[in-house]
Amino acid sequence: MTRPTYAVLSAALALGACAAPVSPPASAPAPVSVPLSASGLTAEQAAATITPQDVYARIEFLASDRMRGRNTPSPELEIAASYLVNQYKLWGLQPGGENGTFYQWWPFRGRGAAAGTAGVPVPNVVAVLPGSDPALRNEYVVLSAHMDHVGVGRAVNGDSIYNGADDDASGTTGLLEVAEAFARMGVRPRRSIVFLHVSGEEKGLLGSAWYAEHPTVPLAQTVANVNVDMIGRNDPGMVVVIGKKYSSLGGLADRVGAAHPDLRLRLSDDLWPEERFFFRSDHFHFARKEVPALFFFSGVHEDYHQPSDEVETIDTDKAARIARMVFHVVMEIANDPERPRWDPAGLEEVRRMRR
């Protein structure tokens, strides 16, 4: 999550309660997948495969010290990307990147880039779960999260690795868990689902900006974006869903939330409208291309952008319940015969922001 005004958010929360990819290291966790024999599940059974134990195992790897904060660019970021790709291959998802691969490489033009050079290539990861409806499978719901964090920096209490367990190993893990659940279903959603892991978010939403300008799945056929960032902390009974008022996705999310009281989650409206978060995370690059978008976000905390953002601080039960909610929301979008619709005032606000 790019840096907001921390004091304002913390007060509100207190009130609310083309190089080749690097192979994963030998210490990467064993897949935490349910057995292949468990395929053919109903939607409720598939959602139940998203567990706190799986969430912990994935975040523990992605946010471990050996991943050195997954900076953009870094070898560890490429290790994270390779780990994601291997999981999608394991579940039989299709590559959605460039040249028949799961990768979209984009040029990072940071201060390490020499004058006149094209920039250091860094990866986005794109996987596709094909839809089941011949009439709708060429339309797409994009589920996104950023896989990068801020790397190694100033030492705090002797620790200089900014692990990014909540920001955004939690959202990255949420996407993986949702993908596995969909892959286990007997009848898949009508529309296709794209799982997009972007890099460079912490450098200014660069990876999602590149994808929006060079989409590997046509944006004209992309009906919605659901973005997930920092879902593992704060009030265990609430997740903030930013962007509800901008499109019909808001009403859809509220209906899905009401239909699943078992998840014990209130889908709150934006608690911080003055911070304009709808315009400040990766989903905005979809919105500015006039793709309706929602942003699942649990807010910042005292470990935000600190070395102390480690797996031990994560409420894995909450993160698993949010991932289940996202699964059901994406399912509803993918199966709805109608595309999501912009609220006219919301669309005009987005158009003003991109001028």
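How are helices α4 and α5 oriented to each other, roughly parallel or roughly perpendicular? In this predicted model, local features were taken at pLDDT of at least 70 and side-chain atom pairs at pLDDT 80 or more, whereas totals for chains, interfaces and linings use all residues. Residues are numbered from 1 along each chain as its sequence is written, and side-chain values use heavy atoms, with hydrogens and water left out.

Helix α4 (residues 75–90) packs on helix α5 (residues 165–183) at an angle of about 10 degrees, and the axes lie 10 Å apart. Helices (H or I, at least four residues) and strands (E, at least two) are DSSP runs, numbered from the N terminus. Axes are lines fitted to C-alpha atoms, for helices over the stretch in contact, and angles run from 0 to 180 degrees between N-to-C directions. The two helices, α4 and α5, are therefore roughly parallel to each other; angles under 35 degrees count as roughly parallel, over 145 as roughly antiparallel, 65 to 115 as roughly perpendicular and the rest as oblique. Tyr-83, Leu-84, Gln-87 and Tyr-88 of α4 make the contact with Thr-172, Leu-175, Leu-176 and Ala-179 of α5, where contact means heavy atoms within 4.5 Å. By class, 6 nonpolar, 2 polar and no charged residues take part in the contact of α4 with α5. Here Ala, Val, Leu, Ile, Met, Phe, Trp, Tyr, Cys and Pro count as nonpolar, Asp, Glu, Lys and Arg as charged, and the others, Gly among them, as polar.

For helix α3 (residues 52–62) and helix α9 (residues 316–335), the packing angle is about 105 degrees and the axes are 8 Å apart. Helices α3 and α9 are therefore roughly perpendicular to each other. Pro-52, Val-55 and Tyr-56 of α3 meet Thr-316, Asp-317, Ala-319 and Ala-320 of α9. The residues of this contact of α3 with α9 comprise 5 nonpolar, 1 polar and 1 charged.

A search of the whole structure gives 15 aromatic pairs. Rings of Phe, Tyr and Trp (its six-membered ring) pair if their centres lie within 6.5 Å; planes under 30 degrees apart count as stacked, over 60 as edge-to-face and the rest as tilted. One of the pairs, Phe-182 with Phe-327, is tilted, at 4.4 Å centre to centre and 35 degrees between the planes. This pair links distant parts of the chain, with Phe-182 in helix α5 and Phe-327 in helix α9, 145 residues apart. Phe-182 is buried, at 0% relative accessibility, and Phe-327 is likewise buried at 0%; buried means under 20% relative accessible area, exposed over 50%, and partly exposed in between (1.4 Å probe, protein chains only).

The ring centres of Tyr-246 and Phe-279 are 6.0 Å apart and the planes stand at 85 degrees, so the pair is edge-to-face. Tyr-246 is in the loop between β9 (238–242) and α7 (249–259), and Phe-279 in the loop between β10 (266–268) and α8 (284–287), so the pair ties together parts 33 residues apart in sequence. Tyr-246 is buried with a relative accessible area of 6%, and Phe-279 is buried at 9%. Ring pairs link Tyr-246, Phe-278, Phe-279 and Phe-284 into a cluster.

Among the strands, β8 (residues 222–229) has 8 of its 8 residues buried, so β8 is largely enclosed by the rest of the structure. Two strands pair if DSSP finds at least two bridges between them. Strand β4 (residues 140–146) pairs with β8 in the parallel sense over 5 bridges, and Ser-144 has Asn-227 of β8 as its bridge partner. Strand β11 (residues 293–297) runs parallel to β8 and is joined to it by 5 bridges; the bridge partner of Asn-225 in β11 is Ala-293.

Strand β7 (residues 192–198) is mostly covered, with 7 of its 7 residues buried. Ser-192, Val-194, Leu-196 and Val-198 on one side of β7 and Ile-193, Phe-195 and His-197 on the other are all buried, and both faces are covered. Strand β3 (residues 120–129) and β7 run antiparallel and are joined by 5 bridges, with His-197 of β7 as the bridge partner of Val-125. The pairing of β4 and β7 is parallel and has 7 bridges; in β7, Val-198 is the bridge partner of His-146.
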